[in-house]
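Here are my notes for you, written as numbered points.

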Amino acid sequence: MPTELPGGGHALTLRGVTKRYGTLTALDDVDMTIAPGEIVGLLGHNGAGKTTLMSIVAGLLRPDAGQVGVLGRDPARQPHEARRLLGLAPQELGLYPPLTVRQNLLFFAELAGLRGAAADRRVEEVAEPLGLTGLLGRRAARLSGGEQRRVHTGMALVHRPPLLLLDEPTAGVDVQTREQLLAMVRAMAAEGTAVCYSTHYLPEVEAMDGSVAVLSEGRMIANGTLKELVGRYGDSGIDLTFSGVPPELPLPWPQVRDGGVLRVTVEQPHLAVPQVMAALGDAAGALVNLRLVQPSLDRVFLRITGRGYDESAETPETTGTAAAVTEPARTVGVAEEEPV
Ligand SMILES: Nc1ncnc2c1ncn2[C@@H]1O[C@H](COP(=O)(O)OP(=O)(O)OP(=O)(O)O)[C@@H](O)[C@H]1O
């Protein structure tokens, strides 16, 4: 890993990047950085601007305003240099169906200037962690969807780019493929690759324990490490569901009602349960359900966007209910002293 990089030591820098499609502002004054070895989970509901951001970084779209630096190179002005420094796996699969897996990977290795034994070796190296070694001789058209997704990802990293852009790499894949892809991303980051990874599946981002960047309607509304964001916005508590209107309980913690649910906001909910139960008194007879809500990225989402993340994804809900206290979308910076 280089000790000093052009672009302020970052593999990727975005400053004030704005992109409009006609009257629609798809990206609005977006700032973002990724350091070598850092994994950034790029999150946002459908249409938030994630693909637009990756396309601009890859030089496929030009921003209307702002600067982009890929290890100090501007993808709009130095497209060839910037392109060599990054690997892009777009959402849409880009395999050549009549070619074998090996031929697909070799094609990209050769585009990157590798030849002969060096290219062959690199194909084997890429195939191994992606579980493709046994499939190298098979035609791409004959692969399952998950296998195709792995080859597609392999094509993006065959030239060892220091910056990897993965646009929903686990869309539609099974648990095993998801694990393989995540392990590979973590291994590449450990070797110094900067990774920008968009997904609708929050547990994946939690599993990678990297940084998080949240886009909402083209604006970067939160960014920081997962720990920082969860610590600051992933509030915890106890949800009590009653058969009628929830009572007000004699407790020292904030309480909010939403329909039949009473949310008691408390830091270590499991320790607070006995006190909450004791405070119920006669209301215990109307209690239907009690649920501990732990801090999570899902809770962070609800707090800063006003919507649960699962509302735009086909993935399972992790925690949280519509009963939470929500705030309107706003810009938040984890380095600030007080919540904005
Ligand atoms: N070529 C285009 N012309 C006009 N509008 C576009 C174009 N591409 C994207 N948009 C719009 O720009 C906004 C951002 O789209 P983008 O594809 O970047 O979102 P996304 O976060 O990647 O969404 P998803 O999670 O659904 O993939 C959306 O409102 C989309 O409809």
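**Notes on the model**

1. E217 sits in the loop between β8 (211-216) and β9 (219-225). Helices (H or I, at least four residues) and strands (E, at least two) are DSSP runs here, numbered from the N terminus. E217 is not a glycine, yet its phi is positive, about 50°. For context, most residues other than glycine have a negative phi. E217 has 17 C-beta neighbours inside 10 Å, so it counts as partly exposed. The cut-offs are as follows: a residue is buried if 20 or more other C-beta atoms lie within 10 Å of its own, exposed if 12 or fewer, and partly exposed in between, with C-beta atoms placed from the backbone.

2. A word on the basis of all this: the model is predicted, so local features need pLDDT of at least 70 and side-chain atom pairs count only at pLDDT 80 or more, while totals for chains, interfaces and linings use all residues. Residues are numbered from 1 along each chain as its sequence is written.

3. D29 also has a positive phi, near 55°, and is a residue other than glycine. D29 belongs to strand β2. Its 16 C-beta neighbours inside 10 Å are why D29 counts as partly exposed.

4. Strand β2 is part of an open sheet of three strands, ordered β2-β1-β4, with antiparallel pairing. The edge strands, each pairing on one side only, are β2 (24-34) and β4 (65-70). On average, neighbouring strands of this sheet are turned by 25° against each other, direction ignored. For that angle, axes are lines fitted to C-alpha atoms (for helices over the stretch in contact), and angles run from 0 to 180 degrees between N-to-C directions. Two strands pair if DSSP finds at least two bridges between them.

5. Looking at the pairings, β1 and β2 run antiparallel and are joined by seven bridges; R20 stands opposite T25 in β2. The β1 and β2 hairpin has two residues between the strands, and G22 takes a positive phi near 60° there. On the other pairing, five bridges join β1 (residues 12-21) to β4, again antiparallel. L12 has V70 of β4 as its bridge partner, and L14 stands opposite V68.

6. The chain is divided into domain 1 (12-230) and domain 2 (236-294), with bounds from an automatic or database domain assignment. Taken over C-alpha atoms, the centres of domain 1 and domain 2 are separated by 43 Å. An unreviewed UniProt entry places the feature "domain: ABC transporter" at residues 12-242; such annotations may be inferred rather than shown by experiment. Over residues 12-242 the chain is 35% helix and 28% strand.

7. Finally, helix α10 (residues 297-305) is largely enclosed by the rest of the structure, because nine of its nine residues are buried. G306 follows α10 and has a positive phi, near 80°.
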